[in-house]
Amino acid sequence: MTVMETTALDMAKAEAFAEQVGDMINAGAAAAMVSLGHRLGLFDTLAGRAPSTSAEIAEAAALNERYVREWLAAMVMAGILEYGPKDKSYWLPAEHAACLTRDAPLGNLAVYAQHVSLFGKVEERTIHIMETGEGTGYDDYPCFHQIMAEDSSQTVIAGLFEHILPLAPELDGRLKAGIDVLDAGCARGSALIAMAKHYPASRFTGYDLCADAIEFAQKTAQAEGLTNVTFETRDLTGYAEAARWDFVTSFDAVHDQKDPFGLVKGLSASLRPGGVYLMQDVGGSAHLENNFDFPMAALLYAVSLVHCTPVSIGQGGEGLGTMWGWETAERFLSEAGFARVERHVLPHDPMNVWFVARK
Ligand SMILES: C[S@@+](CC[C@H](N)C(=O)[O-])C[C@H]1O[C@@H](n2cnc3c(N)ncnc32)[C@H](O)[C@@H]1O
């Protein structure tokens with residue numbers, strides 16, 4: 001017996017839902033095209049530009065006109081670009097450029113569209129892990145560290161000195177005087193490099209599992225001529241360095257570890273008296289029912305399924321997932337020996353939660 005035969009179908013509800021699914025698929029396609037436009041610099045080419053033909057836009061972006069024309073059509077249908085049929089011209093309204101370009105005043109949402117494309121790139125692998133229960137490795141994700149660096153340039157670097165470090169008011173003076181700082185899970189090292197430039201008297205160290213990200217960080221620091229920052233490829237599982245640092249940070253780097261609680265405990269023990277641990281992580285709740293209004297919650301659970309959960313399982317870990325929840329983070333911090341834990345949500349970064357933990 002089919003659903004149709006056993007239950008009286010509310011046709012209006014069914015049709016409205018079918019329309020919703022259709023809109024969702026259309027929006028998903030548009031998101032994949034936004035990712036493409038971001039990677040090819042097309043939004044930056046279009047920003048501030050007068051209405052232009054596909055040939056003019058393709059030439060300005062140094063791309064093939066025929067393909068650019070198809071991308072432009074997709075963007076017009078998605079309501080992102082506007083179109084003048086008379087002279088077949090396209091333009092990006094300033095209000096739309098405000099969240100789609102590399103210097104967008106509202107933050108560049110096109111960066112997050114890249115996750116949608118990543119889902120497609122790793123779909124075969126995701127099917128495989130769902131069938132077998134296996135994990136993944138960072139090498140399974142093309143461009144992962146580049147996307148993360150773009151993400152954290154908006155959530156971390158953009159607000160680092162104005163909003164983030166002031167969460168622990170004692171830090172600025174101590175960093176100016178000269179202290180030892182660790183960034184755990186530093187990836188390409190952009191937060192440490194920004195701090196090393198700003199606070200030349202302090203000494204900065206970054207550890208990360210991925211050698212390619214560490215190599216990138218080392219080259220960037222060298223190109224900047226920095227001598228007060230070092231990077232090391234290091235698996236933080238079982239991390240133990242007693243009383244080594246005055247200030248420890250982790251930016252979105254705890255939940256996808258093999259042993260997140262073990263890491264928090266190790267970081268707690270690695271602080272000298274008076275030390276501060278600053279932890280940024282995803283700010284959703286551990287309870288599904290609390291996340292309906294959380295920004296981009298479906299995207300975050302999807303990122304969790306294709307990336308954060310399997311990279312932890314791939315290291316032999318428990319796979320807490322992206323939405324492990326601020327409640328879990330807060331519990332880990334208090335059980336790891338921090339006596340004073342503050343939780344903050346910053347206006348420029350509504351998807352994350354910031355903890356300042358002191359012993
Ligand atoms: C989501 S990324 C965040 C990277 C960076 N902090 C940022 O904000 O862009 C998580 C990072 O944790 C690192 N990581 C995961 N497991 C690790 C482990 N066992 N030891 C050291 N680093 C690890 C990954 O290589 C990755 O760079």
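Predicted model: local features only at pLDDT ≥ 70, side-chain atom pairs only at ≥ 80, totals over all residues.
Some ground rules come before the tour: residues are numbered from 1 along each chain as its sequence is written. Local features need pLDDT of at least 70 and side-chain atom pairs pLDDT 80 or more, while totals for chains, interfaces and linings use all residues, and side-chain values use heavy atoms, with hydrogens and water left out.

Let's look at the ligand's neighbours. There are 20 residues around the ligand, and the closest are G185, D208, L236, F251 and Q315 (to be near, a residue needs a heavy atom within 4 Å of the molecule). That shell splits into 9 nonpolar, 6 polar and 5 charged residues, with Gly counted as polar and Asp, Glu, Lys and Arg as charged. Helix α9, residues 144-155, gives the most to the shell, with 4 residues (helices are DSSP runs of H or I, at least four residues, and strands are runs of E, at least two).

Here are polar contacts, meaning pairs of N or O atoms within 3.5 Å:

| Side chain | Ligand atom | Distance |
|---|---|---|
| S152 | oxygen | 3.1 Å |
| D235 | nitrogen | 3.0 Å |
| Q315 | nitrogen | 2.8 Å |

The protein covers 97% of the 590 Å² of accessible area that the ligand has on its own (Shrake-Rupley method, 1.4 Å probe).

What about the wider chain? A UniProt annotation from an unreviewed entry, "domain: Methyltransferase", covers residues 176-283. Over residues 176-283, the chain is 31% helix and 32% strand, with the end C-alpha atoms 30 Å apart.

Technical notes
Polar contact = N/O pair within 3.5 Å; in protein donor to acceptor, adjacent residues only side chain to side chain. UniProt positions renumbered as here; feature names shortened; annotations may be inferred.
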